[in-house]
Amino acid sequence: TRRLEDSDMPVRSFAALALDKLLSKPEVVEIIRPHIKSVLVIFVKLLNECDHERLVNSLTGLFESYKKEIGPYVLDLVVSVKNLILKIYDKSNNENGGTDIEEGEFSILSAYTALKELLKADFDTSLVPQIFTEIEQLFSKAFDDQDLEVVEEILDLVNLCLYRSSKENIMPQLWHFYEFLCYSAAISIPLPQAEHPANNYFTYLAINRENFREFGTAILRCLRNFIYKGKSQLLVLKDEQGHAYLDLLLKSLEECKEYTSDILEDSLKMEVSMVEAVLAFEMKDYPDVIKARNLLTNCLQSTASLSGNTEYTHLSNSIAVHNIGLLSITDFKETISSFAGVGNFIAEWIQKHLLTLTYRTRKASTLGLLNVVRHYKEIQPLVPDLETLLVVLMKELVVLELQRSREEENMDFDIDDLDDDDDDDGENTPTPTSVMKETTLENIEDRLAALDNDFMMETETLLNFDWEYIQETLHSVSETEVAKEVFTGLEQQYPGT
């Protein structure tokens with residue numbers, strides 16, 4: 001640490017870079033921990049003197065290693081990193097071209113990554129409004145340049161601010177950003193014609209409005225946090241043109257489904273279908289809203305259409321059982337009625353469930369199948385083999401824990417690491433029959449690994465949907481507690497089950 005305070009700036013720079021490398025060693029992290037405040041001061045000062053990309057990257061590593069310790073300094077650090085980004089923008093704009101501009105772009109992206117690490121730190125969430133006000137000063141630079149990577153970083157930062165906001169206490173400026181997101185996706189809705197609209201974010205949409213639709217997945221992430229964090233406000237607020245916020249959301253989802261590009265292919269439509277299911281599930285305590293806006297009916301229709309997708313069979317099947325699971329909890333009778341005439345519905349649901357690709361889809365489907373057991377007496381003719389269903393559900397309680405652990409361990413999985421040849425035709429995927437014969441944890445573990453390996457691209461789409469910094473009611477539901485309650489009720493109805 002003495003070298004970090006050397007009077008010679010190059011010495012300080014090399015010391016900072018060396019520290020970044022050393023932070024990969026747990027023993028070094030512990031040695032630095034008591035001195036983190038001093039180290040942060042030195043790093044910030046150094047960055048103000050030299051904004052080299054590698055130094056900015058080292059700041060990211062520092063924030064990541066000391067999430068708990070940097071909490072008291074988060075606001076000051078956000079201000080410093082924001083000022084650094086503005087400085088790099090100004091420097092890049094004054095350059096005539098060449099490698100300096102390219103280095104500036106890399107440094108900006110590294111600085112945005114550092115900001116995201118700050119928002120993941122353990123800090124007082126009452127600071128979110130002040131932090132957002134600082135980040136907001138970067139919007140004009142990012143949106144005016146229309147740099148795809150930078151805009152996506154901004155959307156991730158907004159999403160993190162939402163994630164750290166208190167439920168039902170979203171600040172007004174974030175709701176203005178909600179309008180911005182909806183108008184970005186639903187371009188058929190005319191922008192306000194006022195010279196100075198009440199929502200100043202609309203000025204970013206005046207030119208090249210369609211470009212923002214390329215960020216469909218990032219927009220949907222933010223909208224999902226708005227649904228959970230601001231549910232009651234979502235039902236009453238309107239924009240300056242009188243559009244209800246819930247209607248803006250529904251129009252956005254509708255137009256996202258219609259939007260196609262070479263980049264997005266069909267994946268955005270499938271993500272929208274999942275958001276529709278999440279929305280209906282979150283609104284289950286408002287049946288009048290569900291009925292008036294056709295939330296359940298529309299999602300049931302889009303879910304039924306997924307079975308016709310032959311290009312991404314495992315992806316569409318996973319999304320279908322995810323949606324059916326959530327919708328059967330939202331309105332069991334209507335959901336089951338919608339699919340009751342489709343072959344042997346429950347048996348097909350179980351088959352598709354056994355080949356689902358990710359923790360989230362398995363959990364939603366498992367909760368839905370537990371609801372089938374809860375209502376067994378009412379729909380007994382649709383469940384010809386209750387014993388098989390119970391065996392599947394008991395194994396799933398183990399499978400879910402295994403899959404959740406694996407996905408947490410591999411959160412940094414990079415889609416760019418995959419080769420185009422990684423997709424498989426599914427020949428080696430275990431069949432539902434073989435799955436039913438699994439008797440050990442190793443058997444289950446092997447099957448999950450086979451699914452992950454054979455369908456990496458489709459698995460990645462689902463993992464992107466279940467992004468780490470999203471809060472939804474589904475996350476707080478314990479499948480184990482629900483299973484205990486359901487199995488206890490079944491035992492009371494059918495002693496000896």
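**Helix packing and the nonpolar core**

Helices α20 and α26 are roughly parallel to each other, because their angle is under the 35-degree limit for that class. The model is predicted, so local features need pLDDT of at least 70 and side-chain atom pairs count only at pLDDT 80 or more, while totals for chains, interfaces and linings use all residues. Residues are numbered from 1 along each chain as its sequence is written, and side-chain values use heavy atoms, without hydrogens and water.

Helix α20 spans residues 359-374 and helix α26 residues 479-493. Their axes lie 9 Å apart, at an angle of about 15 degrees. The crossing of α20 past α26 is left-handed. Contact (heavy atoms within 4.5 Å) involves Y359, K363, L367, L370, V373 and R374 of α20. From α26 come E479, V482, A483, E485, V486, F487 and L490. Of these contact residues, 9 are nonpolar, 4 are charged and none is polar.

V373 also touches L389. L389 sits in helix α21, residues 386-409. Its relative accessibility is 0%, so L389 counts as buried (under 20% relative accessible area, with a 1.4 Å probe and protein chains only). Beyond four places in sequence, L389 also touches I350, L369, V372 and V383. L389 and V372 are 17 residues apart in sequence, and their C-alpha atoms are 9.4 Å apart.

The largest nonpolar core holds 145 residues. Such a core joins buried Ala, Val, Leu, Ile, Met, Phe, Trp, Tyr and Cys residues through side-chain atoms within 4.5 Å. I70, Y112 and F139 have the most contacts inside the core. Leaving aside neighbours within four places in sequence, F139 is in contact with F132, D144, I154, V158, F177, Y201 and Y204.

Definitions and conventions: Buried means under 20% relative accessible area, exposed over 50%, partly exposed in between (1.4 Å probe, protein chains only). Axes are lines fitted to C-alpha atoms, for helices over the stretch in contact, and angles run from 0 to 180 degrees between N-to-C directions. Helices (H or I, at least four residues) and strands (E, at least two) are DSSP runs, numbered from the N terminus. Angles under 35 degrees count as roughly parallel, over 145 as roughly antiparallel, 65 to 115 as roughly perpendicular and the rest as oblique. A crossing is left-handed if the near helix is turned anticlockwise from the far one by less than a right angle, and right-handed if clockwise. Ala, Val, Leu, Ile, Met, Phe, Trp, Tyr, Cys and Pro count as nonpolar, Asp, Glu, Lys and Arg as charged, and the others, Gly among them, as polar.
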